[in-house]
Amino acid sequence: MSIKTLGAKAAAALDQELMSTCAFSIDQLMELAGLSVSQAVYRVHPLNGGRRVLVACGPGNNGGDGLVAARHLFSYGYKPTIFYPKRSKNELYQRLAKQLEDLDIPFVDDFKTAVAATDHVVDAIFGFSFSGEVREPFPAVIRALEETKVPVTSVDAPSAWDIENGPPSSGLGSAFMPTALVSLTAPKPLVKHFKGRHFVGGRFVSPSIAKKYDFEVPPYEGIDQVVEVTTTGGKI
């Protein structure tokens, strides 16, 4: 199926509406987003492809989605490892990290070494709200993602890509093309530059809200929290 995209301003407004008009808490939305990511990873990289999954988490909501996804991946039978160099002081993120520590899921400091010892990478560093310069320690992480032959699933946006315009024309991130992308809530305009497998995870969006923002909720099947789609490249 084809589906329209949601621009950066509309995506931010929709997130705020989900947490106001629609009465979701950020905890709920992060749990649903992380669950969606974990299901996409399960489809792209089933257990028989290797159980080791490295989850790279940034300091914001995208990183929180990654922490949730890692917990679900553990429950599926994977062996996740977490790279989380800029831990947030926010209580929510601290609780998510504690849940992983209680499962004895290891946290690592050397991303390049960890990539060489994994079967799949989840890129949960920067989401749709990212803009500006990539700051330390993440430039080296982006370069490692560009260079690795290990399959990568990105959360909402390939890290270092512009939400509207896709990958940089040159320099850091310009050669980064993940294996799969999980667009949360709805795809963003950058997907017109993406060439891998594309999933949408937004089953929590009501038909009335989707209508207000002029996009369609894709037909999720059974208990699935993701659906694989193609994108027209249209912009809201």
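This report walks through a few spots in a predicted model: an annotated trio of residues, the nonpolar cores, a cluster of rings and one histidine.

## The annotated trio

Let's begin with what the UniProt record says. An unreviewed entry there puts the feature "binding site" at N62, D123 and S159. These residues are spread over 98 residues of sequence, yet they cluster in space, and the largest C-alpha distance among them is 10.0 Å. As for the largest pocket, N62 is included in its lining.

## A closer look at D123

D123 sits in strand β5, which covers residues 120-124. Is D123 buried or exposed? Its relative accessible area is 0%, so D123 is buried.

## S159 and its loop

S159 is in a loop, the one between β6 (152-155) and β7 (180-184). Like D123, with its 0%, S159 has a relative accessibility of 0%, so it counts as buried.

What does S159 touch, not counting residues up to four places away in sequence? The answer is D123, I125, F126, I142, S154 and F176. With F126 there is a polar detail to look for: a polar atom of the S159 side chain lies 3.1 Å from the backbone nitrogen of F126.

## Two nonpolar cores

The largest nonpolar core has 41 residues. Which of them touch the most other members? They are L6, F111, I125, L145 and F215.

Searching the whole structure turns up 5 aromatic pairs. One of them is Y42 with Y76, an edge-to-face pair with 5.9 Å from centre to centre and 75° between the planes. Y42 is in helix α2 (residues 26-44) and Y76 in helix α3, so to speak two distant parts of the chain, 34 residues apart, linked by the pair. Both tyrosines are partly exposed: the relative accessible area is 42% for Y42 and 26% for Y76.

Y42 has another partner. Its ring centre is 6.5 Å from that of Y78 and the planes are at 85°, so this pair is edge-to-face too. Y78 lies in the loop between α3 and β3 (79-83) while Y42 is in helix α2, so the pair ties together parts that are 36 residues apart in sequence. Put together, the ring pairs link Y42, Y76 and Y78 into a cluster.

## H72 in helix α3

Finally, have a look at H72, in helix α3 (residues 61-76). Why does H72 count as buried? Its relative accessibility is 15%, and the cut-off for buried is under 20%.

Setting aside residues up to four places away in sequence, H72 touches E31, G34, L35 and S38.

How values were computed. Residues are numbered from 1 along each chain as its sequence is written. This is a predicted model: local features need pLDDT of at least 70, side-chain atom pairs count only at pLDDT 80 or more; totals for chains, interfaces and linings use all residues. Side-chain values use heavy atoms; hydrogens and water are left out. Helices (H or I, at least four residues) and strands (E, at least two) are DSSP runs, numbered from the N terminus. Buried means under 20% relative accessible area, exposed over 50%, partly exposed in between (1.4 Å probe, protein chains only). Contact means heavy atoms within 4.5 Å. UniProt positions are given in the numbering used here, feature names are shortened, and annotations may be inferred rather than shown by experiment. On a 1 Å grid over the protein atoms alone, a cavity is a set of points where a 1.4 Å probe fits but cannot get out, and a pocket is an open set with protein on both sides within 12 Å along at least five of seven lines; lining residues have an atom within 4 Å of a point. A polar contact is a pair of N or O atoms within 3.5 Å; within protein, one must be able to donate a hydrogen and the other to accept it, and residues adjacent in sequence count only if both atoms are side-chain atoms. A nonpolar core is a set of buried Ala, Val, Leu, Ile, Met, Phe, Trp, Tyr and Cys residues joined through side-chain atoms within 4.5 Å. Rings of Phe, Tyr and Trp (its six-membered ring) pair if their centres lie within 6.5 Å; planes under 30 degrees apart count as stacked, over 60 as edge-to-face and the rest as tilted.
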